[in-house]
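Biologist: I am new to this structure. Please take one part and walk me through it closely.

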Amino acid sequence: MKEAIKKESIEWLKAFAIGIIIFVIIRAFFFSNYVVEGESMMPTLQDGNKLVVNKVGYKMTDFNHFDIIVFHANENDDYVKRVIGIPGDKVEYRDDHLFINGKKYEEPFLDDYRKQVSTGRLTGNFTLEEITGEVTVPKGKLFVLGDNRLGSWDSRHFGFIPIDQVVGKVSLRYWPFNEIQFSF
């Protein structure tokens, strides 16, 4: 009887240890948690929101316009921003409208913020060439902007980000619970 209990206890410990190892592997290589710090992505994301970042998606698939990503801004900080320009894109803002490769794009994720802003314009006029000296987004780079265009430190200030600095795509906002969201 004692021998059977001992064997079952050992089996439970093995199962628990294997579960922990699998959790650590999934956490390290596939998903990560991220806490939003600051207001650069308002109103889409708020300071203190907790996110799940998919680390695998950008290793296997292409980047898409308007994806929200987390990337290493420097050795100590990660930023969360929206992808506006991918390699080969010519990005321009005129009269508060986004043009990518000459085509006008709507940005419905900015609609709520536009209603709150009294200045009338969220994003000043610019071309990539004026900001970076490049006509198009170079190979291996991205052009990113925060949704809080009046208060975001983004590619308009620090230029392109290297694709290899991308941690992953934001897949889920899970905190606060009343704002759970899967797609942005």
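**The annotated site and its surroundings**

Modeller: The UniProt record, an unreviewed entry, places the feature "active site" at Ser40 and Lys81. UniProt positions are given in the numbering used here, feature names are shortened, and annotations may be inferred rather than shown by experiment. These residues span 42 residues in sequence, yet no two of their C-alpha atoms are more than 7.9 Å apart, so they gather at one spot. The lining of the largest pocket includes Ser40 and Lys81. (On a 1 Å grid over the protein atoms alone, a pocket is an open set of points where a 1.4 Å probe fits, with protein on both sides within 12 Å along at least five of seven lines; lining residues have an atom within 4 Å of a point.)

This is a predicted model: local features need pLDDT of at least 70, side-chain atom pairs count only at pLDDT 80 or more, and totals for chains, interfaces and linings use all residues. Residues are numbered from 1 along each chain as its sequence is written, and side-chain values use heavy atoms, with hydrogens and water left out.

Take Ser40. It is found in the loop between β1 (31-35) and β2 (50-54). Strands are DSSP runs (E, at least two residues) and helices likewise (H or I, at least four), numbered from the N terminus. Ser40 has a relative accessible area of 14%, so it is buried. (Buried means under 20% relative accessible area, exposed over 50%, partly exposed in between, with a 1.4 Å probe and protein chains only.) Not counting residues up to four places away in sequence, Ser40 touches Val80, Lys81, Gly146, Asp147, Asn148, Gly151 and Ser152. Contact means heavy atoms within 4.5 Å.

Now Lys81. It lies in strand β4 (residues 78-85). Its relative accessible area is 3%, so Lys81 is buried. Beyond four places in sequence, its contacts include Ser40, Met41, Asp67, Phe71, Gly146, Ser152 and Asp154.

Lys81 also lies over the face of Tyr79, at 5.5 Å from the ring centre. (A charge sits over a ring if NZ of Lys or CZ of Arg is within 6 Å of the ring centre and within 35 degrees of the ring normal.) Arg82 lies over the face of Phe109, at 3.6 Å from the ring centre.

Phe71 and Tyr79 form an edge-to-face pair, 5.9 Å centre to centre, with 80° between the planes. (Rings of Phe, Tyr and Trp, its six-membered ring, pair if their centres lie within 6.5 Å; planes under 30 degrees apart count as stacked, over 60 as edge-to-face and the rest as tilted.) Phe71 is buried because its relative accessibility is 1%. Tyr79 is partly exposed because its value is 23%. The structure holds eight aromatic pairs.

Next, the nonpolar cores. Such a core is a set of buried Ala, Val, Leu, Ile, Met, Phe, Trp, Tyr and Cys residues joined through side-chain atoms within 4.5 Å. The largest has 16 residues, of which Ile84, Val91, Leu98, Leu128 and Phe143 touch the most other members. β5 (91-94), β6 (97-100) and β9 (141-145) each supply at least two residues of this core. A second, separate core has eleven residues, including Leu45, Val53, Ile68 and Val70.

Finally, the whole chain. It has five helices and eleven strands. Buried residues make up 37% of its 184 residues.
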